[in-house]
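Here's a quick tour to read with the model open on your screen. Have a look around first, then work through the notes below.

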Amino acid sequence: MSPRPLKIGITCYPSVGGSGILATELGEELARRGHEVHFISYERPFRMPVGDPRVFFHPVVVNSYDLFKYPDYTLPLSVKMAEVSRDHALDVLHVHYAVPHATAALLACAMLPPDRRPKVITTLHGTDTTLLARDPGYGPAIRHALEHSDAITTVSEFLRRETLAHLAVTRPIEVIHNFFEPRPPARSVADVRRELGLRDGEALLLHLSNLRALKRIDLLLETAARLYRAGETFKLVILAGGDFTPFAADVKRLGLADRVVVRQNVTDIEDYLQAADLGLFTSETESFCLSILELMSLGRPSVAFAVGGIPEVVVNNESGLLALFGDTAALAAHVQILLRDPARRAALGAAARQRACDLFSAKVIVTRYEELYRRIL
Ligand code: GMT
């Protein structure tokens with residue numbers, strides 16, 4: 001007899017970012033497998049499925065009061081978590097990012113009678129341990145939240161090591177990598193290329209990110225400038241989840257005005273992933289880099305720096321090409337090799353798609369999360 005469906009609460013940052021996409025796709029997959037899924041956040045996650053009878057959204061209302069210099073999210077979130085856990089008898093509360101979600105979940109449990117307390121799973125996605133853990137105003141609270149979670153997962157082996165190094169956590173940390181299930185592209189490659197103004201024979205290099213500092217857009221543009229000076233015909237398309245205007249001056253200064261195309265807050269990313277010839281990333285650190293996996297799942301290889309968890313996603317020379325951090329000359333050379341050798345590009349792309357399917361598909365990863373839920377229950 002198949003085990004009973006579970007009632008799972010999910011909290012994440014609903015904004016455009018890898019962890020929000022991962023948490024939303026996880027909820028959608030869990031509902032598809034028959035579980036009841038309750039999203040609890042200040043906004044509906046932007047890729048949240050609508051119309052699925054097993055998926056619910058519970059908004060957290062944050063009021064601001066004159067007395068408070070900053071509106072407080074943690075307390076209203078913890079109250080909503082307690083309400084939803086009590087009213088829907090949640091089995092599990094799966095929070096993405098420790099700050100402040102894991103602390104709010106522990107507060108919610110403390111407000112509930114023992115028989116109504118869900119198990120708390122904290123999944124770490126990156127900057128809450130690699131960045132906030134070093135902040136004396138956060139580190140001890142993050143450590144406390146992790147030590148009192150019923151389970152901890154990280155999205156890469158790299159992040160597990162970082163968490164142990166920065167937070168001296170004594171509880172076991174399980175690595176469950178990210179997954180991505182591409183939706184069928186709605187438009188043809190030709191239509192997307194036309195929309196972006198690509199001429200015949202012009203390569204489409206794709207970058208997706210929220211443009212924050214660690215994405216090193218300065219190095220991305222420096223790499224594009226090297227390709228431009230080398231006479232390559234390409235356009236660098238940037239799907240931006242943030243404000244690109246601070247970089248406009250650099251684009252002009254580098255002579256890239258007609259080589260860089262920016263699209264803000266795109267949700268139909270599969271159309272662009274499919275149209276790309278390859279991905280280009282210059283982050284100085286990434287716990288995983290979901291954008292690279294998104295391109296791999298559409299059979300597109302990426303060129304990136306070998307930092308953080310990226311070498312766990314891309315096998316250099318097999319499913320993409322990696323360079324040492326900061327070496328934009330090497331990065332540009334990798335792009336040129338792939339632009340001039342379509343067969344090599346196709347081979348890397350096919351291997352990338354296979355690796356995405358074998359290691360980072362919903363079938364593999366969501367099953368890991370289900371096993372974890374049942375193990376701690
Ligand atoms: O990288 C970002 O700016 C967004 C951030 C997030 O909050 O989604 O991404 C983090 O989580 C993603 C999903 O697990 C990972 O793919 C990203 O590598 C990670 N970002 C960093 O570690 C810098």
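Which helices each supply at least two residues of the nonpolar patch? They are helix 2 (74–88) and helix 3 (101–111). Keep in mind that this is a predicted model.

**The nonpolar patch**
- Leu-75, Val-79, Leu-107 and Met-111 make up a nonpolar surface patch of about 320 Å².
- Leu-107, one of the patch residues, sits in helix 3.
- With a relative accessibility of 32%, Leu-107 counts as partly exposed, because a residue has to be under 20% to be called buried and over 50% to be called exposed.

**Strand 1 and its two partners**
- Strand 1 (residues 7–11) is mostly covered, with 4 of its 5 residues buried.
- Strand 1 pairs in the parallel sense with strand 2 (residues 36–41) over 4 bridges, and Gly-9 has His-38 as its bridge partner there.
- Strand 1 also pairs in the parallel sense with strand 4 (residues 92–96), again over 4 bridges.
- In strand 4, the bridge partner of Gly-9 is Leu-93.

- Strand 5 (residues 119–124) runs parallel to strand 6 (residues 151–154), and 4 bridges join them.
- For Ile-121, the bridge partner in strand 6 is Ala-151.
- Arg-117 is in the loop between helix 3 and strand 5, and it's partly exposed at 41% relative accessible area.
- Arg-117 and Arg-86 are 31 residues apart along the chain, with 7.8 Å between their C-alpha atoms.

- The peptide bond from Val-99 to Pro-100 is cis, with omega near -15°; Pro-100 lies in the loop between strand 4 and helix 3.
- Ala-168 isn't a glycine, yet its phi is positive, near 45°.
- You'll find Ala-168 in the loop between helix 6 (157–167) and strand 7, where it's partly exposed with a relative accessible area of 47%.
- Cys-289 is another non-glycine residue with a positive phi, about 80°. Look for it in the loop between strand 11 (278–280) and helix 11 (290–297).

**The cysteines**
- How many disulfides does the structure hold? The count is 0.
- Cys-289 is in no disulfide, and the nearest cysteine sulfur, that of Cys-12, is 19 Å away.
- Is Cys-289 buried or exposed? It's buried, at 6% relative accessible area.
- Cys-357 is partly exposed, with a relative accessible area of 41%.

Technical notes
Residues numbered from 1 in each chain as written. Predicted model: local features only at pLDDT ≥ 70, side-chain atom pairs only at ≥ 80, totals over all residues. Heavy atoms only, no water. Disulfide = S-S within 2.5 Å. Buried < 20%, exposed > 50% of the residue type's maximum accessible area, 1.4 Å probe, protein only. Patch = residues over 30% accessible without salt bridge, like charges linked within 9 Å, V, L, I, M, F, W, Y side chains within 5 Å. Areas by Shrake-Rupley, 256 points an atom, 1.4 Å probe, with all protein chains shown as cover. Salt bridge = Lys/Arg side-chain N within 4 Å of Asp/Glu carboxyl O. Pairing = 2+ DSSP bridges.
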